[in-house]
Amino acid sequence: MLVAFSVAPSGSADDAGSVSAAVAAAVRVVRASGLPNRTDAMFTTIEGPDWDTVMDVVKRATEAVQEFGPRVSLVLK
C-alpha cells in the first residue's frame, strides 16, 4: 500500500509563521517507522504491507503535529 500525505498545524505557527518544526516532528515519526518512505516538497509517501500499518504511521505523525497547535491539516492521497 502506498500513501502520500501532508500534515501541518493549522491556525498556529511559530513567531515567524513557520511550521517547519511541526513538519520535522512528523517526518521523524515516519523515519522511525522503518517503512520505505520519501519526502518531497509537497508530500511524504510511505509504502507498507497493509492499510493498518501505513495508517498507524500517518496517525502518529498527525499526533506529533498536534503538539504545535490546536488544529491540524491533513491531506491524504
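The model is predicted, with local features requiring pLDDT of at least 70 and side-chain atom pairs counted only at pLDDT 80 or more, while totals for chains, interfaces and linings use all residues. Residues are numbered from 1 along each chain as its sequence is written, and side-chain values use heavy atoms, with hydrogens and water left out.

The secondary structure of the protein chain comprises two helices and four strands (DSSP runs numbered from the N terminus, with helices being H or I of at least four residues and strands E of at least two). Along the sequence these elements follow the order β-α-β-β-α-β. Along the principal axes, the C-alpha atoms fill a box of roughly 40 × 20 × 20 Å.

Strand 1 (residues 2-10) has two partners to look at here, where pairing requires at least two bridges found by DSSP. With strand 3 (residues 44-47) strand 1 runs antiparallel through four bridges, and Ala4 stands opposite Thr45. With strand 4 (residues 71-76) strand 1 is likewise antiparallel, joined by six bridges, and here Pro9 faces Val72.

Turning to the rings, Lys77 lies over the face of Phe43, at 4.4 Å from the ring centre (the criterion being NZ of Lys or CZ of Arg within 6 Å of the ring centre and within 35 degrees of the ring normal). Aromatic pairs number zero under a rule that asks for ring centres of Phe, Tyr or Trp (its six-membered ring) within 6.5 Å, with planes under 30 degrees apart called stacked, over 60 edge-to-face and the rest tilted.

The largest pocket holds about 160 Å³ of space. Of its 13 lining residues, Phe5, Ser6, Val23, Met42 and Thr44 are the closest to the centre. A pocket is an open set of points on a 1 Å grid where a 1.4 Å probe fits, with protein on both sides within 12 Å along at least five of seven lines, and lining residues have an atom within 4 Å of a point. Helix 1 (20-33) and strand 1 each supply at least two lining residues, and helix 1 gives the most, with four.

Terms used: Grid points are joined across faces, edges and corners, and a volume is the space filled by probe spheres set on the points.
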